[in-house]
Amino acid sequence: MADNFYKHIVCIGAGYVGGPTMAMIAAKCPQYKVTVVDINAQRIKSWQGNELPIYEPGLLDIVKKTRGRNLFFSTAVEENIKAAEIIFVSINTPTKTYGSGAGKTADLQYWEKIAREISKVSESDKIIVEKSTLPVRTAEAMERILRVNNKKAHFEVLSNPEFLAEGTAISDLENPDRVLIGARDTQSGQKAMLEIVDIYKHWVSKDKIVTSDIWSSELSKLAANAFLAQRISSINSISALCEKTEADITKVARAIGMDRRIGSNFLNASIGFGGSCFKKDILNLVYICEYYSLYEVAQYWENVIKINEYQQTRFVKNMVNAMFNTLANKRITLFGFAFKANTSDTRESPAIYISHKLAEEHSRIIVSDPKALDNAQYDLKGIADCVEFELDPYKAARNAHAIAIITEWDIYKTLDYERIYQQMEKPAFIFDGRNILCHKKLYKIGFNVYPLGMPCMQHF
Ligand code: NAD
Ligand code: UGA
């Protein structure tokens with residue numbers, strides 16, 4: 001027992017998942033001491049201050065309420081591992097870039113390092129919870145490393161994948177569709193599982209806490225992300241057909257989404273999905289299928305990624321075609337750079353690919369985003385000489401030949417487009433990569449309007 005707390009939970013990894021999930025646990029379970037540790041000292045320092053390292057609506061409030069009470073951030077990884085009864089591991093699991101499985105499988109070197117570190121310093125029994133998204137059967141490897149290297153303590157490895165989406169992390173954590181916990185079907189496995197159920201029971205109703213074996217839990221996370229990404233690729237593939245046939249993708253999405261078996265969520269055509277996980281997790285799934293010689297299954301899922309890349313390429317090609325087959329020396333303003341609204345995260349954002357393609361066309365790119373400009377500057381280091389960054393969307397659009405809507409931030413829906421139009425080069429173009437604007441109104445103002453998956457409106 002640590003201090004006067006009932007139990008000490010430690011989370012390794014103070015990122016987009018570790019920070020918000022632990023803040024929620026600390027808020028809902030005041031009798032637990034929750035410490036989030038990370039090797040990145042700068043990140044920990046930010047968690048300790050008022051400028052959190054990630055932007056997430058509602059997060060600062062919850063951190064302020066719990067920090068110093070039962071939520072702590074620290075770089076003392078070893079010391080906290082030693083003191084913990086329950087360890088959530090929420091480190092990044094990037095795609096491997098070298099050797100066998102390069103470009104597809106997860107790079108588990110950091111994962112293995114953590115397992116070795118836990119086994120090296122532990123002097124008492126611990127429950128290890130996989131929070132990161134991992135290839136199915138990773139828990140087995142972790143158990144082996146822990147048990148072979150440490151005979152003093154008993155380690156029970158569980159899977160508890162995280163389903164939060166960025167931008168809505170706090171509400172997703174507060175009202176999850178489900179919490180999934182996978183454990184071994186042994187006495188100690190089931191006992192450990194109940195300990196994790198006990199934590200979530202503080203605020204999640206029992207019927208939403210799903211328990212299973214570890215392998216189903218690990219695979220469910222990969223499958224859930226693959227299904228979600230597949231929906232986006234499905235609607236995006238139909239958007240391409242809409243553009244050829246004068247059908248309207250928003251009408252098609254509405255009509256098919258009213259079928260309860262299909263459902264209306266996640267049917268927004270876009271410039272493609274981004275974010276750190278969809279592509280990585282599908283590649284992981286593809287690799288596992290290939291490993292088990294399930295080549296047709298692997299190919300099926302790989303096509304979800306191919307359509308996503310196709311959609312991004314198509315977006316830039318449409319711009320080139322519409323703007324008289326040349327973008328050279330034209331000022332193109334990107335409204336938004338984050339991979340979705342309400343986050344500063346730009347990992348795998350389609351904006352990165354689109355910017356590079358525009359640079360290849362010798363355009364001048366002006367990037368505007370309310371929260372993601374720091375990350376955008378980092379992402380576009382390689383083409384810095386043809387990019388400008390401007391927080392104010394009106395200034396960003398001044399003298400532009402075209403605006404491309406990249407991120408569906410609310411602010412872009414309510415700008416004074418009459419004023420923007422007056423200050424742009426003519427003919428002025430808008431490419432709405434999110435279908436969030438009123439296209440008829442823009443056309444009336446004078447813009448040539450190119451929505452996604454519906455007929456364009458041009459004045460010539
Ligand atoms: P992240 O990169 O934001 O955070 C990971 C943190 O782990 C980093 O701060 C890094 O410094 C730290 N770390 C790495 N190795 C460490 C070590 N040895 N000791 C201590 N700290 C270490 O990653 P994330 O977005 O939070 O994702 C974490 C995992 O959760 C991934 O597996 C991801 O697939 C999964 N996931 C992410 C999301 C999301 O919305 N980002 C949602 C669900 C699941
Ligand atoms: C996604 C899942 O939704 C989470 O459940 C999961 O936990 C997480 O991945 C993860 O494992 O990392 P996230 O990537 O944060 O969450 O955000 P989403 O809302 O899923 O959006 C992903 C991408 O798809 C964004 O680029 C978004 O703009 C795009 N999208 C989403 C569309 O293009 N159309 C849609 O209809 C919905």
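A: Helix H9 (residues 214–245) contributes three residues to the shell around ligand 2, the most of any element, where helices are DSSP runs of H or I with at least four residues and strands are runs of E with at least two, numbered from the N terminus. The model is a predicted one, in which local features need pLDDT of at least 70 and side-chain atom pairs count only at pLDDT 80 or more, whereas totals for chains, interfaces and linings use all residues. Residues are numbered from 1 along each chain as its sequence is written, and chains are lettered from A and ligands numbered from 1 in the order in which they are written.

Around ligand 2 there are 20 residues, of which Asn-268, Ser-270, Phe-273, Gly-275 and Cys-277 come nearest; a residue is near a molecule if its C-beta atom, placed from the backbone, lies within 6 Å of it. Sorted by class, this shell holds 11 nonpolar, six polar and three charged residues, with Ala, Val, Leu, Ile, Met, Phe, Trp, Tyr, Cys and Pro counted as nonpolar, Asp, Glu, Lys and Arg as charged, and the others, Gly among them, as polar.

Because domain 1 (7–211) and domain 2 (222–307) both give residues to the shell, ligand 2 lies between them; the domain bounds come from an automatic or database domain assignment. The centres of domain 1 and domain 2, taken over C-alpha atoms, are 29 Å apart. Their contact takes 11 residues from domain 1 and 11 residues from domain 2, two residues being in contact if their C-beta atoms, placed from the backbone, lie within 7 Å.
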